[in-house]
Amino acid sequence: MENGEVPEDANESMNCSKPCVSGFPSTDCPGPQSESAGKSDSCQGCPNQEACATAPKGPDPDLVAIAERMATVKHKILILSGKGGVGKSTFSAQLSFALASLDFQVGLLDIDICGPSIPKMLGLEGQDIHQSNLGWSPIYVESNLGVMSVGFMLPNPDEAVIWRGPRKNGLIKQFLKDVHWGELDFLVVDAPPGTSDEHISIVQFLQATGIDGAIIVTTPQQVSLIDVRKEVSFCKKVGVEVLGVVENMSGLSQPLTDFKFMKAGEHGEQVDVTKAVLDCMREKAPELLELVAFTEVFDSSAGGAAEMCREMGVPFLGKVPLDPQLCKAAEEGRSCFEGQSCRVSAPVLRGMIEKLLKVKEWNQDELQHAENGRV
């Protein structure tokens with residue numbers, strides 16, 4: 001066990017509701033860096049008692065190297081979600097594209113070790129990491145947008161990463177201390193769903209250098225919000241500011257002309273009548289061709305993310321519709337802000353990003369970027 005690393009099966013404390021976590025010990029646990037680690041009464045019966053008692057104590061020397069690397073990074077933003085499949089990585093990718101298009105120097109770090117989707121969403125599949133005398137070099141989408149992911153290290157894209165917590169934590173530490181990002185305005189960190197090893201590690205490793213905050217992505221229904229509440233609670237416990245919550249997939253929305261129109265055939269089969277419907281619209285009611293159609297996909301009768309934010313006292317950044325064109329942009333590894341194809345979702349995302357820049361009152365040069373270099 002390295003300095004400060006969390007034993008995987010450490011004793012639980014605080015009425016058995018919260019595990020001992022390195023850097024953020026619960027009430028009874030002394031923490032693995034403490035001189036009383038493995039020796040206090042609360043350690044009795046813990047399977048890791050001996051490991052904690054014999055592990056090196058004191059500060060982790062790698063944290064000094066991480067602090068040196070991060071000294072050239074102005075702002076660090078974590079992108080979190082309570083549940084998988086809510087579009088967190090899509091948001092991370094598009095946020096990075098947007099910031100880069102505003103002429104910021106941007107780094108995107110993918111710490112979703114078991115499910116690294118960032119290389120595909122940035123159009124970087126098949127790329128390899130290179131080393132120089134300065135460290136690992138990020139893979140660049142553009143001159144001001146670099147990316148690092150375990151996906152670049154796999155021998156083939158179907159290879160499963162079957163690692164326990166300590167090995168995941170070790171790679172995250174290596175990304176932070178060995179990757180040469182250079183001067184960055186923003187480092188966007190795409191984390192896996194949940195509140196586990198990777199989340200504890202990234203917060204602990206970056207704690208001394210400062211984390212500007214976290215953006216949490218959810219979908220509107222309660223089954224997602226239940227887990228997002230835990231994510232908000234995690235941020236509050238470890239001292240990371242919640243910059244805002246994004247309600248993604250907030251209703252299917254797309255231009256009426258992008259829909260296919262079907263009718264049931266004689267034997268129940270679906271018959272495509274799209275051309276006939278659009279021709280009829282052009283002839284009878286051409287104004288309908290300019291409409292955007294919207295329908296709820298997930299139940300939001302309980303108020304969705306906006307109500308949850310009100311109850312938990314965190315900012316609500318807004319709603320991003322389920323836009324098939326945005327999904328297509330993510331599949332093709334390109335920015336949704338290029339061209340007019342994502343005309344439903346791109347303006348919403350742009351508004352969120354500009355709102356975030358202004359509300360946080362980041363330095364005047366950055367605010368000037370947002371005013372003069374609209375995505």
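This is a short talk on one predicted protein model, from its overall make-up down to single residues.

First, the ground rules. The model is predicted, so local features need pLDDT of at least 70 and side-chain atom pairs count only at pLDDT 80 or more, while totals for chains, interfaces and linings use all residues. Residues are numbered from 1 along each chain as its sequence is written, and side-chain values use heavy atoms, with hydrogens and water left out.

Overall make-up. The protein has twelve helices and 16 strands; these are DSSP runs numbered from the N terminus, helices being H or I of at least four residues and strands E of at least two. Of its 375 residues, 49% are buried. Buried means under 20% relative accessible area, exposed over 50%, and partly exposed in between, with a 1.4 Å probe and protein chains only. Contact means heavy atoms within 4.5 Å. Of the contacts between residues at least 6 apart in sequence, 73% join residues at least 24 apart.

Next, the interior. In soluble globular proteins, nonpolar side chains tend to be buried together. A nonpolar core here is a set of buried Ala, Val, Leu, Ile, Met, Phe, Trp, Tyr and Cys residues joined through side-chain atoms within 4.5 Å. The largest one has 43 residues, and Leu 109, Leu 176 and Ile 202 have the most contacts inside it. Helix α7, residues 222-238, gives this core its largest share, six residues. A second, separate core has 42 residues, including Ile 77, Phe 152, Val 188 and Met 352.

What does Leu 109 contact, leaving aside neighbours within four places in sequence? The partners are Met 148, Phe 175, Leu 176, Trp 181, Leu 187, Val 188, Val 189 and Asp 190.

Leu 176 also turns up beside Phe 205, which touches Leu 63, Ile 66, Asn 169, Ile 172, Lys 173 and Leu 176, not counting residues up to four places away in sequence. Phe 205 sits in helix α6, residues 197-206, and counts as buried because its relative accessibility is 7%. Asp 62 is 143 residues from Phe 205 along the chain, yet their C-alpha atoms are separated by 8.8 Å.

Now the annotated site. An unreviewed UniProt entry marks Cys 29, Cys 43, Cys 46 and Cys 52 as "binding site". These four span 24 residues in sequence, but no two of their C-alpha atoms are more than 11.2 Å apart, so they gather at one spot. UniProt positions follow the numbering used here, feature names are shortened, and annotations may be inferred rather than shown by experiment. Cys 29 is in the loop between β2 (18-19) and α1 (49-54), and Cys 43 is in the loop between β2 and α1 as well. Are they buried or exposed? Cys 29 counts as buried at 16% relative accessibility, and Cys 43 counts as buried at 10%.

Last, backbone geometry. Most residues other than glycine have a negative phi. Asp 103 has a positive phi of about 75° although it is not a glycine. Asp 103 is in the loop between α3 (88-101) and β4 (106-110) and counts as exposed, because its relative accessibility is 53%. Met 249, not a glycine either, has a positive phi of about 55°. Its place is the loop between β11 (242-247) and β12 (252-255), but Met 249 is buried, with a relative accessible area of 18%.
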